[in-house]
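Here are my notes on this model, point by point. Please read them with the structure open.

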Amino acid sequence: MSWVYLLVAGLFEIFWAVELKMSHGFSKILPSILTAAGMVASFAFLSFALKKLPLSIAYAIWTGIGTVGMVIFGAIYFHETISLPHIICIVMIVCGIIGLRLVTSG
């Protein structure tokens with residue numbers, strides 16, 4: 001169950017980062033509130049995962065999920081440019097996330 005909590009925490013990290021962008025520097029109220037709610041949810045699920053998982057592994061995977069998710073979301077929704085070197089680096093992050101999951105129990 002810890003891994004499910006960690007995945008949910010990572011998805012909430014993507015959510016709050018998108019809402020942070022949409023808040024335009026906290027000048028829009030609803031996205032600002034959603035940013036804070038997403039942060040709380042992300043940290044809460046991360047804390048649930050940390051009951052069984054090592055901090056170093058959980059944190060690396062949590063930030064990796066957020067990083068990869070934001071690159072994909074940014075490319076699709078915000079039309080951010082992604083080059084081949086970006087894709088190669090993102091693939092390496094995904095390989096690292098998978099590798100950490102495969103070698104970590106919990």
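1. Some terms come before the residues. Buried means under 20% relative accessible area, exposed means over 50%, and partly exposed lies in between (1.4 Å probe, protein chains only). This is a predicted model: local features need pLDDT of at least 70, side-chain atom pairs count only at pLDDT 80 or more, and totals for chains, interfaces and linings use all residues. Residues are numbered from 1 along each chain as its sequence is written, and side-chain values use heavy atoms, with hydrogens and water left out.

2. Start with Met22. It sits in helix H1, residues 2-22. Helices are DSSP runs (H or I, at least four residues), numbered from the N terminus. Met22 counts as partly exposed because its relative accessibility is 27%.

3. Which residues does Met22 contact, leaving aside neighbours within four places in sequence? They are Lys28, Pro31, Tyr77 and Phe78. Contact means heavy atoms within 4.5 Å. The C-alpha atoms of Met22 and Ile61 are separated by 25 Å.

4. Now the largest nonpolar core, which has 14 residues. Such a core is a set of buried Ala, Val, Leu, Ile, Met, Phe, Trp, Tyr and Cys residues joined through side-chain atoms within 4.5 Å. Trp3, Leu6, Leu46, Leu53, Ala58, Ile61 and Trp62 touch the most other members. H1, helix H2 (29-49) and helix H3 (55-77) each supply at least two residues of this core.

5. Thr104 lies in the segment after helix H4 (84-103). Thr104 is buried, because its relative accessible area is 10%. Beyond four places in sequence, Thr104 is in contact with Trp3, Pro54 and Ile57.
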